[in-house]
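Hi,

Here is the structure I promised to hand over. Have a look first, and my notes follow below.

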Amino acid sequence: MGVGEEFWLFVLVGLAAQLVDGALGMAYGVTCTGLLLAMGAPPALASAAVHSAEVGTTAVSGLSHAALGNVSKRLFLNLLLPGVLGAAIGALVIGNIDGHALKPWVAGYLALVGSVVLYRTFRPRPVTPLSADSLSNSRVAPQGLIAGFLDAVGGGGWGSINVTTLLARGVPPRFAIGSVNAAEFFVSLTVASLLWPVVGTQVLPIVGGLLLGGVLAAPVAAWAARKVPPRLASGLSASLVLALSVTTLGTLLI
């Protein structure tokens with residue numbers, strides 16, 4: 001995939017994904033990956049590019065949440081090691097499997113994530129409020145392991161899977177989002193580090209475009225986070241990911 005002449009397309013991808021993430025607090029990875037797959041990028045290249053860009057964004061986000069007291073130390077630690085382990089396994093899998101064979105599975109996974117988020121948006125279940133520190137490691141660790149693996153293979157989903165699951169269990173939003181964001185830095189760093197030797201320097205223009213688009217969109221995204229109703233933002237995000245994934249699947253299967 002030639003990327004030199006498509007740099008500005010990657011800027012638009014980063015801009016669109018940042019607008020979604022800024023309004024929703026998650027889905028940057030799945031939005032970026034869905035758009036890149038629709039443009040023809042192999043899964044390993046898309047995952048490496050998205051996670052490389054996320055190393056910077058999650059570092060800032062995680063530190064900001066920690067400074068504001070939004071990170072539960074126990075929840076963060078319970079997600080951290082399983083998440084990194086799952087991400088490492090996922091990166092090794094995606095880096096050693098033919099991209100064309102894997103692409104339908106990745107698109108299907110993203111369609112599933114979009115469907116789950118869409119369902120939880122419009123069919124919220126009443127939950128009993130729960131302290132973030134009260135969740136045992138035996139309940140959180142498997143979730144982190146699976147989310148880390150799927151995030152690496154699918155190019156995103158760490159936030160979508162973990163945040164929606166924790167909210168469904170009753171964890172307060174500030175601690176669910178803050179703790180998941182803080183752990184995501186290490187997950188992204190793990191995936192990027194393992195996939196860079198596989199994809200090489202061809203990922204650089206994509207990373208640069210995604211970062212530039214994200215920076216340009218940041219002010220608008222911050223405004224959207226305050227003005228756009230959460231349910232509307234969640235529904236639009238899930239619908240976008242679902243539409244992109246179905247389009248990619250249709251292109252591959254026809």
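Before more of that, the ground rules. This is a predicted model, where local features need pLDDT of at least 70 and side-chain atom pairs count only at pLDDT 80 or more, while totals for chains, interfaces and linings use all residues. Residues are numbered from 1 along each chain as its sequence is written, and side-chain values use heavy atoms, with hydrogens and water left out.

The overall picture: the protein chain has 10 helices and zero strands (DSSP runs numbered from the N terminus, helices being H or I with at least four residues and strands E with at least two). Of its 254 residues, 50% are buried, i.e. under 20% relative accessible area with a 1.4 Å probe, protein chains only (exposed is over 50%, partly exposed in between). Among contacts (heavy atoms within 4.5 Å) between residues at least 6 apart in sequence, 86% join residues at least 24 apart.

Now back to helix 3. The axes of helix 3 (residues 43–67) and helix 8 (residues 173–199) come within 7 Å and cross at roughly 145 degrees. Axes here are lines fitted to C-alpha atoms, for helices over the stretch in contact, with angles from 0 to 180 degrees between N-to-C directions. That contact has 14 nonpolar, 10 polar and two charged residues (Ala, Val, Leu, Ile, Met, Phe, Trp, Tyr, Cys and Pro are nonpolar; Asp, Glu, Lys and Arg charged; the others, Gly among them, polar).

Helix 2 (residues 28–38) also crosses helix 3 at roughly 145 degrees, with axes that come within 10 Å, but this crossing is right-handed. Residues in that contact include Cys32 and Leu36 from helix 2, and Val50 and Glu54 from helix 3.

Helix 3 itself bends by about 35 degrees at Val55, the bend being the angle between axes fitted to the seven residues ending there and the seven starting there. Just after helix 3, Gly69 has a positive phi of about 75 degrees.

Phe76 counts as buried because its relative accessibility is 16%. Leaving out residues up to four places away in sequence, Phe76 touches Val71, Ser179, Ala182, Ala183 and Phe186. Phe76 and Val180 are 104 residues apart in sequence, yet their C-alpha atoms are 6.8 Å apart.

Cheers

Terms used:
Left-handed = near helix turned anticlockwise from the far one by under 90°.
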